[in-house]
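User: Hi! Could you walk me through a few spots in this model?
Analyst: Happy to, let's bring it up.

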Amino acid sequence: MKAVRFHATGGAEVLRYEDADQPVPGAGEVRIQVAGAAFNPADGGIRGGFLPIPVTLPHVPGYDVSGTIDALGDGVDGLTVGQNVVGFIPMNADGSAAQYVVAPASALVKAPVRIPLADAAGLPSVGLTASQALFEAGELKAGQRVLINGAGGPVGGYAVQLAKRAGAYVIATASPRSRDIVKTAGADEIIDHTETSVLDAVTESVDVLLNLAPITPDGFTALVARVRDGGVVVSTTPTVTTPGDEERNVRAVTIFVHPDADVLSHLVALIDSGDLHVEIARRVPLSELPAIHQQADAGQIHGKVVAVPPAAIS
């Protein structure tokens, strides 16, 4: 089969589009004929060797997958050959940037039918991150106010939609490039952070502050003043400590996304009902994935990119 792999960590130049052995599913696993492999910034961190996620070399990147099951390992129940699935698969195992990938059956759910199968790869990790940040960590409820800093990215797009659907009042920061996407997602207020200080623009307290963007420690701490007593600050940026305020009982939570098939199934159901929209910025052939890594390293990737493998092995 064809796959994108790296045999040593480093820049995008270490990636190779090459032949690799077709994987065989073990107990509790299935093999998927890949329809779509989503690119995520963490893929570059793993490839570069600066994310603390151990992988065996050579390694196939990609932990978001959509495709069709073509083989079952021992002990797999509830999934069948020929079924279309989507999943967030282990980040330390060989991933989806290939014609075939092996994945734990427990990580997979039925794929949405409302959108192209390849596009469904743009859902799992970012959709789960948004849901876990808002509802598990943030405990967001109807009628509350949430400030989403960095709403223009893939996680932010889902976070705005999910928060609005939950009945929250959504304040979102976005650049002019992503303003229309954030508006379509349902934000009640949009702050252009390139023109306006977020601290100055938010004059009424919020219940949840969700940070999804690079931010300075001082800037992050300053924003905590806009969180009500007893509120919560949630962040997906582990390079900056998430600040809270013990005196005012403002909690601080840093989110690391984890698999959750039940939540993922719920998100798929929202897609099929038309209540959640998947935004895919670009679809590229799998052979072009090394170029996507290179563009990402240069800060030139905006929105979700899905790599599409060539036709299956006959």
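User: Thanks! Where does Asp-74 lie?
Analyst: This is a predicted model, and in it Asp-74 lies in the loop between β4 (64–72) and β5 (84–88).

User: Is Asp-74 buried or exposed?
Analyst: Asp-74 counts as exposed because its relative accessibility is 64%, and the cut-off for exposed is over 50%.

User: And what does Asp-74 touch, leaving out residues up to four places away in sequence?
Analyst: Gly-26, Ala-27 and Gly-28.

User: Switching topic: where is Thr-237, and is it buried or exposed?
Analyst: Thr-237 sits in the loop between β12 (227–235) and β13 (251–254). Thr-237 is buried because its relative accessible area is 12%, and buried means under 20%.

User: Which residues is Thr-237 in contact with, neighbours within four places aside?
Analyst: Asn-211, Leu-212 and Ala-213. For Ala-213, the backbone oxygen lies 3.5 Å from a polar atom of the Thr-237 side chain.

User: Nice. Now pockets: what volume does the second largest pocket have?
Analyst: About 190 Å³.

User: How many residues line the second largest pocket, and which lie nearest its centre?
Analyst: The lining has 14 residues, and Met-1, Asp-21, Pro-23, Val-60 and Asp-94 lie nearest the centre. Strand β6 (residues 100–104) gives the most to this lining, with three residues.

User: What is the lining of the second largest pocket like by class?
Analyst: Ten residues are nonpolar, one is polar and three are charged.

Methods
Residues numbered from 1 in each chain as written. Predicted model: local features only at pLDDT ≥ 70, side-chain atom pairs only at ≥ 80, totals over all residues. Heavy atoms only, no water. 1 Å grid on protein atoms, 1.4 Å probe; cavity = no way out; pocket = protein on both sides within 12 Å on 5 of 7 lines; lining within 4 Å. Points joined across faces, edges and corners; volume = space filled by probe spheres on them. Helix = DSSP H or I, 4+ residues; strand = E, 2+ residues; numbered from the N terminus. Nonpolar A, V, L, I, M, F, W, Y, C, P; charged D, E, K, R; others polar. Buried < 20%, exposed > 50% of the residue type's maximum accessible area, 1.4 Å probe, protein only. Contact = heavy atoms within 4.5 Å. Polar contact = N/O pair within 3.5 Å; in protein donor to acceptor, adjacent residues only side chain to side chain.
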